[in-house]
Amino acid sequence: MIRLLRLNKFPILKQLQIEEALYRAPNSGNWIIINNGTPEPIVIVGISGRADKLVNLDEVESRGIQTMKRFSGGGTVVADENTLFSSILLEFETLKQLFPTLSAISSSSSSSTLPSINDGNIYPKDIMNWSANSFYKHVFHEQIDFSLQENDYAFGKLKFGGNAQSFSKHKFLHHTSFLYDFKDDHMMACLKQPDKIPEYRRNRDHLSFLCKLKDRYQSKDHIINNLLKTINNLPTSPSIKEVTLEEAEQFLSNPHPKSNQLFDYNLKSWKDITNEYNPIKNI
Amino acid sequence: MLSTRQILTKSKRLVNVCQKQQVVRGISTTSNCLIKNSTENDKTINSINQQIKPISTLNKIINNRFEKQISVRNYSSGNAPIKFNLADVGEGIAECEVLIWYVKEGDQIKEFDKLCEVQSDKATVEITSRYDGIVTKICHKIGDMAKVGEPLVEITPEGSVADAKLNAGPASQTTAPTTTTNINDQSSPSSSSLDHHEYDITKNGQKYKVLATPSVRNLAKLNSINLNTIQGTGKDGRVLKENLLDFLNGVSQSKTASIPIVQKTTTTTTTTTFSPTESLQPPVVVASPINNKERETRVPISGIKKVMVKSMNAATAVPHFGFSEEYIMDALTFLRNQMKPMAESRGIKLSYMPFLIKATSLALSRYPVLNSSVSPTETEIIYKNYHNIGVAMDTPQGLLVPNIKNVESKSIFEIAQELNRLQKAGIAGQLTPADMSGGTFSLSNIGTIGGTYCSPVLLLPEVCIGAIGKIQKLPRFDKSGNVIPQSIMIISWSGDHRVIDGATIANFSNVLKGYIENPSTMLFDTR
């Protein structure tokens, strides 16, 4: 069974807190979360991101935009109400049931004699390929130039979706921010050119490297519908149960390490998030 | 059983020891020669004697040291630290950044416990231990780049606690500029006593401690039991061997047994689904494709299932007496429908169960022997002066039976509240040992999935259990002989026939039937 949580303009900060709770809780099951935008613009860096190196902090602060660090790795994005968030949390067992040929492909591609990171011998790159070829390719089926460029979803060489993954022994999380639209000004002013960039980017600046889904789709709803159709057409037709936010929020009370953080512009350092999801201030 | 490598290492050490002993003997021999060959010159003799003393002393010191080292080495010869390397994360990625440590030096760790989290390219990867033992060295601090195929940690295998004390280094490094984790900052020192070993993980200021000796841990591990689910009765809540054995025998502590169907019945499932919503959705079981290449698939029985095997085996030693009865639910249905809006206004989903639980408690007050247990020596019946009624529920972890405490003092609303809380906790995997232990009587609402008559198995040390079948609209005769539709629910009871007889259960059932079929009579007896 896969639990489907649909959110609309739900703060991405809280969504990431829920995702971390689901990811870190044992036996939380399989989840797909779709969120149509976050109400306020926010800069999101990956887990090991250095805020000063990736973000123009003064600029961001003066615009009243928060900067957060998410628990998963990967790059930086300025998200707002026109960003579409899609997160897939699956147990490897479920993935193998849905796509039995996946493990056969991944084990042949791995020539390593070192122990595997998980029972299934499934590596992050395998999941990246699977997500593009077996899932998002169908979501964006109208676009013939949809491709996976290193770790990004692109049309040709223009990126429209960034990914991050987290792997544990029995499950993985793959979450994506799709740029339906964005403020050019935000992207350019808020984000620095990162040190580590994918090869295919070739030193292009943000505006030359990214593209907007709105140029190809009339509405976000169209994309969301494509996403729902793809979910409902997964092989072996697993049961999809639409759930409420409350059901997901229950996992927040399971004790777990909390790696999502907010940047404190005054202290110039990361601080733990204190909100209704995490009311106890961590010492 | 020592590996070849370990045997060779041990042999080398012994050879070294023998060689050193020969040197010592050489010194002794020399000193003896000096004595024998001493000249008549007293001064020479004295000086030689003076030389012999230091040599003898040196001899003693060397011997003592070697004895200690031999004893230590013999103790630890099979338990050299294992270098646990960073696994391959695929696609030729050569190194990963260390993000979080879940352990610190000196911590005890078990196979499959989380060690750390690393980042490779765009994926964070959780690394789990492949060994049981003590973490004796953490090779990278947070923020370091760990190379694939090179050691992440060193783990000294289980059983050599003395060695862990000899080899344990300083507390692990905590110099990460980011505060993605406060684990190492908050760690408390490992116990220095050999009598017990603190297993202490601190995550963001919250500490989790399970006190138990290595032998108890080993026994728990062999039986795939999480020590966190057992209430320890030793000092400071220590889990003792007897607590673990009691748990395994299903005598007390956590209740994780299911209520399987033993004999010929109409139901074949052993799970009870409890959904917080009233309209119960049965779980959809997706048929997995049959792999024609393999004739069979072996799945190890572990965790809760393993405990179930043991507790069900223990229950077979108790003679079960079965009794079933029909209960007319029309009046209770009407009452529940009346109360539903009030419950909803208080944020509670109201099912039949709170009513049935309360009615059961009222009936138990009249027949308290059904709320008792038999002493292990079978010489006493222990009457419990409280009704902690267990309710079976299907959770992601499996079938669990948490109980509602002191039902005799709770209102129906309070019972409904507590039931809601337990259901939510069950789904979230947060049922505590307190929730799971201390039950005196159990109910299983298997009818939410289906079925009529059941043959439930006792949850020892309880002496009675009821399995509630589905509510059906069936034709019955009224007093005038007319056929009328009635909502009928069957409850199948099992009792411990060593102390419970048929008449007792039948009388108890009649009292319960009175309460269920005329719920207003519950008002008379409710405190």
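**Close-up 1. An open five-stranded sheet in chain A of the predicted model**. The 5 strands follow the order 5-3-4-12-13. Their pairing is mixed. Strand 5 (77-79) and strand 13 (269-272) of chain A stand at the edges. Each has a single partner strand, so one side of each lacks a neighbour in the sheet. On average, neighbouring strands are turned by 35° against each other, direction ignored.

**Close-up 2. Helix 1 of chain A on the sheet**. Helix 1 spans residues 12-24 and packs on the sheet of chain A. Helix 1 touches strand 3 (42-45), strand 4 (66-69) and strand 12 of chain A. The directions of helix 1 and strand 3 of chain A make an angle of about 30°.

**Close-up 3. The pairing of strands 12 and 13 in chain A**. Strand 12 covers residues 261-264. It runs antiparallel to strand 13 of chain A, and 4 bridges join the two. F263(A) stands opposite W270(A), a residue of strand 13.

**Close-up 4. Helix 8 against helix 11 in chain B**. Helix 8 (residues 353-366) and helix 11 (residues 502-517) of chain B pack at about 140°. Their axes lie 9 Å apart. The angle makes helix 8 of chain B oblique to helix 11 of chain B. The crossing is right-handed.

**Close-up 5. Residues at the contact of helices 8 and 11 in chain B**. Helix 8 of chain B contributes L356(B), A359(B), T360(B), L362(B), A363(B), L364(B) and R366(B). These meet F508(B), V511(B), L512(B), Y515(B) and I516(B) of helix 11 of chain B. By class, the contact has 10 nonpolar, 1 polar and 1 charged residues.

Definitions and conventions:
Residues are numbered from 1 along each chain as its sequence is written. Chains are lettered from A and ligands numbered from 1 in the order in which they are written. This is a predicted model: local features need pLDDT of at least 70, side-chain atom pairs count only at pLDDT 80 or more; totals for chains, interfaces and linings use all residues. Side-chain values use heavy atoms; hydrogens and water are left out. Two strands pair if DSSP finds at least two bridges between them. Axes are lines fitted to C-alpha atoms, for helices over the stretch in contact, and angles run from 0 to 180 degrees between N-to-C directions. Contact means heavy atoms within 4.5 Å. Angles under 35 degrees count as roughly parallel, over 145 as roughly antiparallel, 65 to 115 as roughly perpendicular and the rest as oblique. A crossing is left-handed if the near helix is turned anticlockwise from the far one by less than a right angle, and right-handed if clockwise. Ala, Val, Leu, Ile, Met, Phe, Trp, Tyr, Cys and Pro count as nonpolar, Asp, Glu, Lys and Arg as charged, and the others, Gly among them, as polar.
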